Amino acid sequence: ADVEFTEAQKEKREMLLKEGSYLGYEDGVRTKLRISKDNRPKMSLWSVLKSMIGKDMTRMTLPVTFNEPTSLLQRVAEDLEYSNLLDEAATFEDSTLRMLHVAVFSASSYASTIKRVAKPFNPLLGETFEYSRPDMHYRFFTEQVSHHPVISATWTESPKWDFYGESNVDSDFNGRSFDFKHLGLWYLNIRPDSQTESDLYTWKKPNNTVVGILVGNPQVDNYGDVEIVNHTNGDRCCIHFKARGWRSSSAYELKGEVYNGKGGKEWIFGGHWNEAIYAKKVLKPNSSEEMQLEKTKAGIPATARSKTGPQSDGSKFLVWHAHSRPETPFNLTQFAITLNAPQPKLLPWIAPTDTRHRPDQRAMEEGRYDEAGDEKHRVEQKQRKARRERELNHEEYKPKWFKQETHPVTKLKYWKYQGEYWKRRKDHKLGDCPDIF
Ligand code: CLR
């Protein structure tokens with residue numbers, strides 16, 4: 001299959017192998033948690049939140065049963081569930097089709113937010129998480145680089161693309177809804193099959209919000225406008241996530257348009273971020289046509305009735321559909337279940353700071369809630385003590401694997417992976433990581 005790779009793609013693929021990125025991942029992915037039901041005590045969200053109006057989530061102490069056994073580091077890894085869209089994007093010669101697939105990728109990560117009204121564990125300063133998928137050809141790595149504000153620096157590499165950025169979520173509970181704004185900029189570099197020059201895209205994520213807290217029916221919604229820019233050739237894309245609205249009439253809806261570098265509209269797309277996204281070629285220049293959205297007809301999912309793969313004749317085609325969601329503890333997706341797996345072959349490879357070693361989260365995952373609460377308190381105390389000691393010694397905290405630099409293209413500050421983690425991991429030299437758990 002080597003003929004299908006360009007020089008740049010081959011170089012990346014070889015580097016990933018040379019640095020042993022997939023070592024330890026031989027057990028394959030986990031398909032089930034240890035418990036089959038979470039049996040979390042039911043408690044009204046409003047009854048605990050009402051005293052916390054005006055606070056941000058990271059400064060709230062909530063009973064641990066409002067948590068889910070993932071960390072914010074792992075929630076960022078969940079963005080990769082549909083990474084196949086990026087591999088697909090790289091295959092198109094038409095750069096606007098690449099953009100269309102990048103846009104749908106950026107929206108695909110919201111499917112996982114359905115039924116997940118729970119607080120992910122707030123990573124400890126210096127906590128890391130790695131996740132390689134030999135079958136999907138990527139490696140992901142993230143480090144908690146700041147505690148207040150909560151910032152995770154992330155870096156994913158694959159033969160055909162790199163995806164990096166900072167997760168910096170600002171939260172506010174205003175009494176009616178709980179709002180999350182993403183301050184970080186996301187970068188995606190695609191090495192297309194058809195050209196030597198790579199595409200650099202950037203965007204900011206839409207807002208998340210929890211609505212229905214007062215009425216006892218809390219739900220996650222995603223809303224706002226997203227603009228994706230291709231800095232290499234000027235292609236642009238706008239995505240509009242509609243707020244759920246009065247009577248949920250526009251729940252889960254999104255619409256978008258892809259423009260070429262000259263500003264001409266090339267594709268329109270739309271659908272529901274919890275279900276499927278379709279696209280259509282724009283045949284008339286300057287058309288104001290919008291994607292018509294249809295609801296799933298009883299029994300037959302719309303996905304089963306549509307063409308897949310780009311159609312250039314103006315007919316509608318399916319770009320993406322969400323994976324099914326069998327009932328699971330904590331309503332985790334199948335992908336989320338794979339993340340915190342303590343696979344026997346993997347444990348000897350990962351850093352001591354890796355989330356998989358975090359005791360409170362592990363206890364939560366296994367349904368031991370009292371222990372989870374006690375351990376959470378203990379590791380947070382330990383983190384406070386370390387901070388006090390740094391203050392006494394006038395030491396400034398420095399992240400271990402990332403450094404803030406100025407981006408060569410956007411000229412904005414970003415967190416750059418310093419290239420050391422995977423190399424040292426390969427030689428089993430991660431022993432000098434701080435003791436945070
Ligand atoms: C959305 C997809 C993004 C990454 C991301 C970051 C923060 C997450 C958010 C996602 C989904 C909603 C979220 C949020 C942090 C807290 C919030 C999980 C995954 C939950 C729903 C808040 C629960 C409130 C408690 C008080 C119960 O790419």
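## Burial and overall form

In this predicted model, buried residues account for 56% of the 437 residues in the protein. The chain is built with nine helices and 19 strands. Its radius of gyration is 22 Å, close to the 22 Å that the globule rule gives for 437 residues, so the protein is as compact as a globular protein of that length. Taken along the principal axes, the box filled by the C-alpha atoms is roughly 65 × 55 × 40 Å.

Among the contacts in the protein with a separation of 6 or more, 62% are between residues 24 or more positions apart.

In soluble globular proteins, nonpolar side chains tend to be buried together. Here the largest nonpolar core has 52 residues, and those with the most contacts inside it are Leu 100, Val 102, Leu 188, Trp 203, Ile 228, Ile 239 and Phe 269. Helix 5, which covers residues 95–108, supplies the largest share of this core, with eight residues. Apart from this core lies another, of 19 residues, which includes Trp 155, Tyr 164, Ala 351 and Tyr 421.

## Surface and charge

The accessible surface of the protein comes to about 20100 Å², and carbon and sulfur atoms hold 51% of that surface. The protein has 66 positive and 62 negative charges, whose mean positions are 3 Å apart.

Conventions
Residues numbered from 1 in each chain as written. Predicted model: local features only at pLDDT ≥ 70, side-chain atom pairs only at ≥ 80, totals over all residues. Heavy atoms only, no water. Core = buried A, V, L, I, M, F, W, Y, C linked by side-chain atoms within 4.5 Å. Buried < 20%, exposed > 50% of the residue type's maximum accessible area, 1.4 Å probe, protein only. Helix = DSSP H or I, 4+ residues; strand = E, 2+ residues; numbered from the N terminus. Rg over C-alpha atoms; globule rule 2.2 N^0.38 Å. Contact = heavy atoms within 4.5 Å. Areas by Shrake-Rupley, 256 points an atom, 1.4 Å probe, with all protein chains shown as cover. Lys, Arg positive; Asp, Glu negative; His and termini not counted. Charge placed at Lys NZ, Arg CZ, Asp CG, Glu CD.
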